[in-house]
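Please report on the local geometry and packing of this chain.

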Amino acid sequence: MTGYVLHLESATQYERVEDVVSFVGEDASGSFGILPGHARMSTVLEIGLARFRVANGDWQYVAAPGAVVHFVAGELHFSARRYLLDP
């Protein structure tokens, strides 16, 4: 595995995505990206879209009314009240 694990979590849904190689979101400071090997971090996403890509795959988009993102030990946790995942 070359990427990291993404956990999409809400009050009623949970999805685990393996081998994520890039995640792009936006917080109060602007747009940011998380690649494999990124340092530990936490932030609150603005309302809108985030996107991620698995190895050898297309971008997938996550819409959420704000979310908390926490990256530690090769795992990214995306927690929101609700979210919609779509290619």
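## Serine 10 and its loop

Serine 10 sits in the loop that connects strand S1 (4-9) to strand S2 (14-27). Helices (H or I, at least four residues) and strands (E, at least two) are DSSP runs, numbered from the N terminus. The model is predicted: local features need pLDDT of at least 70, side-chain atom pairs count only at pLDDT 80 or more, and totals for chains, interfaces and linings use all residues. Residues are numbered from 1 along each chain as its sequence is written, and side-chain values use heavy atoms, with hydrogens and water left out.

Serine 10 is buried, at a relative accessible area of 15%. Buried means under 20% relative accessible area, exposed over 50%, and partly exposed in between (1.4 Å probe, protein chains only). The serine 10 side chain has two backbone nitrogens to note. That of glutamine 13 is reached at 3.0 Å. That of threonine 12 lies 3.2 Å from a polar atom of the serine 10 side chain. Not counting residues up to four places away in sequence, serine 10 touches Ala80, Arg81, Arg82 and Tyr83. Contact means heavy atoms within 4.5 Å.

## Strand S8 and its partners

S1 and S8 run parallel and are joined by five bridges. Two strands pair if DSSP finds at least two bridges between them. Glutamate 9 has serine 79 as its bridge partner in S8. Strand S7 (residues 67-72) also pairs with S8, here in the antiparallel sense, over five bridges. Valine 72 stands opposite glutamate 75 of S8. Two residues lie between the strands in the S7 and S8 hairpin, where alanine 73 takes a positive phi near 50 degrees.

In a regular strand the side chains alternate between the two faces of the sheet. S8 has a covered face with Leu76 and Phe78, and an uncovered one with Glu75, His77 and Ser79.

## Histidine 77

Histidine 77 belongs to strand S8 (residues 75-79). Its relative accessible area is 23%, so histidine 77 counts as partly exposed. The side chains of histidine 77 and glutamate 9 make a polar contact at 3.1 Å. A polar contact is a pair of N or O atoms within 3.5 Å; within protein, one must be able to donate a hydrogen and the other to accept it, and residues adjacent in sequence count only if both atoms are side-chain atoms.

Leaving aside neighbours within four places in sequence, histidine 77 is in contact with His7, Glu9, Val68, Val69 and His70. Valine 54 is 23 residues away along the chain, and its C-alpha atom is separated from that of histidine 77 by 15 Å.

## Nonpolar core

How many residues does the largest nonpolar core have? It has 22, and those with the most contacts inside it are Phe23, Ile34, Phe52 and Phe78. The elements giving two or more residues to this core are S1, S2, strand S3 (30-34), strand S4 (41-45), strand S5 (48-54), strand S6 (59-64), S7 and S8. A nonpolar core is a set of buried Ala, Val, Leu, Ile, Met, Phe, Trp, Tyr and Cys residues joined through side-chain atoms within 4.5 Å. In soluble globular proteins, nonpolar side chains tend to be buried together.

Isoleucine 34 touches Tyr4, Val21, Ser22, Phe23, Met41, Val69, Phe71 and Leu76, not counting residues up to four places away in sequence.

## Aromatic rings and charges

The whole structure holds three aromatic pairs. In one of them, phenylalanine 78 and tyrosine 83 are edge-to-face, at 6.5 Å centre to centre with 85 degrees between the planes. Rings of Phe, Tyr and Trp (its six-membered ring) pair if their centres lie within 6.5 Å; planes under 30 degrees apart count as stacked, over 60 as edge-to-face and the rest as tilted. Phenylalanine 78 is buried at 1% relative accessible area, and tyrosine 83 is buried at 7%. Ring pairs link Phe23, Phe78 and Tyr83 into a cluster.

The charged end of arginine 51 sits over the ring of tryptophan 59, 4.3 Å from its centre. Arginine 53 also lies over the face of tryptophan 59, 5.7 Å from the ring centre. A charge sits over a ring if NZ of Lys or CZ of Arg is within 6 Å of the ring centre and within 35 degrees of the ring normal.

Aspartate 19 lies in strand S2. Its phi is near 60 degrees, a positive value in a residue other than glycine. Aspartate 19 is partly exposed, at 23% relative accessibility.

Asparagine 56 is placed in the loop between S5 and S6. Its phi is positive, about 60 degrees, although asparagine 56 is not a glycine. At 85% relative accessibility, asparagine 56 is exposed.
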